[in-house]
Amino acid sequence: MATNTLSFLPISISTPQFCNEKPNNSSLLSLPLSSFCGNKLLISYSKLRNLALKCNNPSTIFTVLSTLPTKKYTSQKMQKWSARAIRSFGLGELEARKLKYPNTGTEALLMGILIEGTSPAAKFLRANGITFFKVREETVELLGKSEMYFFSPEHPPLTEQAQRALDWAIEEKLKSGDSGEITTTHILLGIWSEKESAGHNILETLGFNDDKAKEVAKSMSRDVALNFK
């Protein structure tokens, strides 16, 4: 599962409970002075395909996704995800939580791409009038709102359609024979490939079609500039 691609999502918290925390098991690694915060970072593997970085000072926690979930492939058999793709996934998962949905669906993956906003896929969508706010509005209209007192899990599991969209992205990259990374464009086209999914329906409603899918496919390998070395 480990790759060389990391994406940092800073999340502020109100309590200082993570400050001055000392490692209490051998799975934590102490790092030297870092530009992220304080004078030490503690890294530990979390339960769900990511790393949690805890800092001494100030009270900030970073979630670091190192790969995206897949049912078909192991990390040894697939290329790395681009930094933008990883960040888009994390932001989509967060948006699903904000909407209080029990799962991360293709609509959430689509919103994640638009929230991240810097990828060729996101720029193409905006240039064609498909914005985050429009997608969010269509999502609520299509799927409705959750009950006021329902709380999403910390990591809403992927729907079957969203999982197939990610697997499609990996499969298309492997078919291409390219040595580059799996990008947000692969994810977008994976969403479009799921004809019965909410994400596909929303894209279609907002004017996306097969011709535009072919056009955006030209930018499949252009996320690499943002990767962390």
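**The whole chain**

Helices (H or I, at least four residues) and strands (E, at least two) are DSSP runs, numbered from the N terminus. Coloured along the sequence, the chain shows the pattern β-β-β-β-β-α-α-α-α-α-α-α-α.

This is a predicted model, in which local features need pLDDT of at least 70 and side-chain atom pairs count only at pLDDT 80 or more, while totals for chains, interfaces and linings use all residues. Residues are numbered from 1 along each chain as its sequence is written, and side-chain values use heavy atoms, with hydrogens and water left out.

Next, display the surface. The accessible surface of the protein chain comes to about 12,000 Å², and 54% of it belongs to carbon and sulfur atoms; such areas come from the Shrake-Rupley method with a 1.4 Å probe, and for residues only the protein chains shown count as cover. Of the 229 residues, 49% count as buried. Here buried means under 20% relative accessible area, exposed means over 50%, and partly exposed lies in between (1.4 Å probe, protein chains only). Among contacts (heavy atoms within 4.5 Å) between residues at least 6 apart in sequence, 69% join residues at least 24 apart.

**Stop 1: helix 1 and helix 2**

Select residues 83-98 for helix 1 and residues 106-116 for helix 2; their axes come within 7 Å and cross at roughly 120°. Axes are lines fitted to C-alpha atoms, for helices over the stretch in contact, and angles run from 0 to 180 degrees between N-to-C directions. The two helices are therefore oblique to each other. On this scale, angles under 35 degrees count as roughly parallel, over 145 as roughly antiparallel, 65 to 115 as roughly perpendicular and the rest as oblique.

Helix 1 passes helix 2 in a right-handed crossing. A crossing is right-handed if the near helix is turned clockwise from the far one by less than a right angle, and left-handed if anticlockwise.

Now show side chains. From helix 1, the contact includes Arg 84, Arg 87, Phe 89 and Leu 91, and from helix 2 it includes Leu 109, Met 111, Ile 113 and Ile 115. By class, this contact has eight nonpolar, three polar and four charged residues. Ala, Val, Leu, Ile, Met, Phe, Trp, Tyr, Cys and Pro count as nonpolar, Asp, Glu, Lys and Arg as charged, and the others, Gly among them, as polar.

**Stop 2: helix 2 and helix 4**

Helix 2 passes helix 4 in a left-handed crossing. Glu 107, Leu 110, Met 111, Leu 114 and Ile 115 of helix 2 make the contact with Phe 132, Val 135, Arg 136, Thr 139 and Leu 143 of helix 4. These residues divide into seven nonpolar, one polar and two charged.

**Stop 3**

Move to residues 184-193, helix 6. How many of the 10 residues of helix 6 are buried? Nine are, and the helix is mostly covered. Among the buried residues are His 186, Ile 187, Leu 188 and Trp 192. To see what they pack against, display helix 1, helix 2, helix 3 (120-127), helix 5 (160-176), helix 7 and helix 8 (210-216).

Centre on Thr 185, which is buried with a relative accessible area of 0%. Leaving aside residues up to four places away in sequence, Thr 185 touches Ala 121, Val 216, Ala 217, Ser 219 and Met 220.

Helix 5 passes helix 6 in a right-handed crossing. The contact includes Leu 166, Trp 168 and Glu 172 of helix 5, together with His 186, Ile 187 and Ile 191 of helix 6. By class, this contact has seven nonpolar, three polar and two charged residues.

**Stop 4: helix 7**

Finally, select residues 198-205, helix 7, where Glu 204 is located. Is Glu 204 buried or partly exposed? Glu 204 is partly exposed, with a relative accessible area of 47%. Its C-alpha atom is separated by 8.8 Å from that of Trp 192, 12 residues apart along the chain.

The buried residues of helix 7 are Ala 198, Gly 199, His 200, Ile 202 and Leu 203. Their cover includes helix 2, helix 3, helix 4, helix 5 and helix 6. Just after helix 7, end the tour at Gly 207, which takes a positive phi of about 100°.
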